[in-house]
Amino acid sequence: MNHGYDFPRQIQFANQEEKQEFSKFPTKTGRRSLSRSISQSSTDSYSSAASYTDSSDDETSPREKSQVNSKGSSDFCVKNIKQAEFGRREIEIAEQDMSALISLRKRAQGEKPLAGAKVVGCTHITAQTAVLIETLVALGAQCRWTACNIYSTQNEVAAALAESGVSVFAWKGESEDDFWWCIDRCVNMEGWQANMILDDGGDLTHWVYKKYPSVFKKVRGIVEESVTGVHRLYQLSKAGKLCVPAMNVNDSVTKQKFDNLYCCRESILDGLKRTTDVMFGGKQVVVCGYGEVGKGCCSALKALGAIVCVTEIDPICALQACMDGFKVVKLNEVVRQMDMVITCTGNKNVVTRELLDRMKNGCIVCNMGHSNTEIDVASLRTPELTWERVRSQVDHVIWPDGKRVILLAEGRLLNLSCSTVPSFVLSITATTQALALIELYNAPEGRYKQDVYLLPKKMDEYVASLHLPNFDAHLTELSDEQAKYMGLNKNGPFKPNYYRY
């Protein structure tokens, strides 16, 4: 398919307007410790319910095992290297629905645009992210990888990556000490020093700043994909402590609309069904937050007959909810009537103990935000309340009067704690991450300052164009006269940077 331009080794900005200025994100306060000052993602849950093995199969810590792959390398730490064959099958299945990322791999691997790149990554380790990692390797990068939270890893996928030669340090069910140990093993390798960082949540970036600040002397850039991690980058930039350029992938159109909106629209139902077998028709549901994730959740729940209301702090998002047919309420006014409470704000203490005390028997409580700070789960760990694990990632919290609240994934990210997300959507995000790495790594000195940048519009459009063949979609091409009339280049970008899709 002719997109009107070839894959660029370096994606050029047309003008200075495409270099986005950073802006302030809301500040989170009250972190529990210095080690958590960047994000709470190590205790977020992003594990796949489809994982071949559960972490409880073998209680021996991977840190205590001596394992080697078929090539004789031991530079990894996974649950069981013998699971590699199963992990390879899962990666191959994921590749079938990630054709755009595979297309990018084939187009660019001849040029090796990441030759010489040493990428240290901290993301969710699933079959889909494995396709991204192996794409980076095919484009010339050396990679060392760890998981961005303690429940995110598909053990067999980590084994397959280790078998293929990627130095991966991750397993499902890590302790918090294990989590930081794995990050340290990725960064602190004698004779190997990273020059690119790919992060999801900001913990890796924080660890490098805290323990190995000299690494930033050689790092060319940071690519960050989460709300939480981007928020931390803007904080560092505002404080004058950001010492390398950073690319904000989270706020790219392809990430916001597809990963946050369309992905959550499907995965919210999957996670709830797998854990509770609940019927949605007629259920009273409150969704806290009407951003892209909230919009996706509300759309899906409404389509299955749930009676949905929304809480919001932003009048614009609140008005959007009203126009979409949802009543905007305060949580404390409706919590007694709700059958489900779903958080997706990115904030902390959205659902407090006081609100939990007022919920009715059988209320389902879960979180679709990145961090596990939205539901005050710690307040439920008190002597008067009884916790009863009824199935994986499902707890009944029982009050003295017998009331039960059904808590999913201990307040951590629901969709990939309790289900999966579509490979196609992750292909969009992963392709964007790969292009951002290529751009930062190959950018001439001086193009990017020590700031946070959004992806150029041209790059967003390129990512979208790679995925259109999956739908046999055919773009209409502007005539010269039409392009002149609109003041556009025939090959894009087609929208100004301020355009809101």
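Visitor: Which way does helix 8 pass helix 9, left-handed or right-handed?
Guide: Helix 8 makes a right-handed crossing with helix 9, meaning the near helix is turned clockwise from the far one by less than a right angle. This is a predicted model, where local features need pLDDT of at least 70, side-chain atom pairs count only at pLDDT 80 or more, and totals for chains, interfaces and linings use all residues. Residues are numbered from 1 along each chain as its sequence is written, and side-chain values use heavy atoms, without hydrogens and water.

Visitor: And what angle do helix 8 and helix 9 pack at?
Guide: About 45°, with the axes of helix 8 (residues 253–276) and helix 9 (residues 292–303) 7 Å apart. Helices here are DSSP runs (H or I, at least four residues), and strands are E runs of at least two.

Visitor: Changing topic, which residues have the most contacts inside the largest nonpolar core?
Guide: Ile125, Leu136, Trp145 and Val168, in a core of 59 residues. Such a core is a set of buried Ala, Val, Leu, Ile, Met, Phe, Trp, Tyr and Cys residues joined through side-chain atoms within 4.5 Å; buried means under 20% relative accessible area with a 1.4 Å probe, protein chains only.

Visitor: Which helix gives the most to this core?
Guide: Helix 14, with 10 residues.

Visitor: What does Val168 touch, leaving aside its neighbours within four places in sequence?
Guide: Its contacts (heavy atoms within 4.5 Å) include Ile125, Trp145 and Phe76.

Visitor: How many residues of helix 6 are buried?
Guide: 7 of its 9, among them His206 and Trp207. Strand 1 and helix 7 are among the elements covering them.

Technical notes. Axes are lines fitted to C-alpha atoms, for helices over the stretch in contact, and angles run from 0 to 180 degrees between N-to-C directions. Buried means under 20% relative accessible area, exposed over 50%, partly exposed in between (1.4 Å probe, protein chains only).
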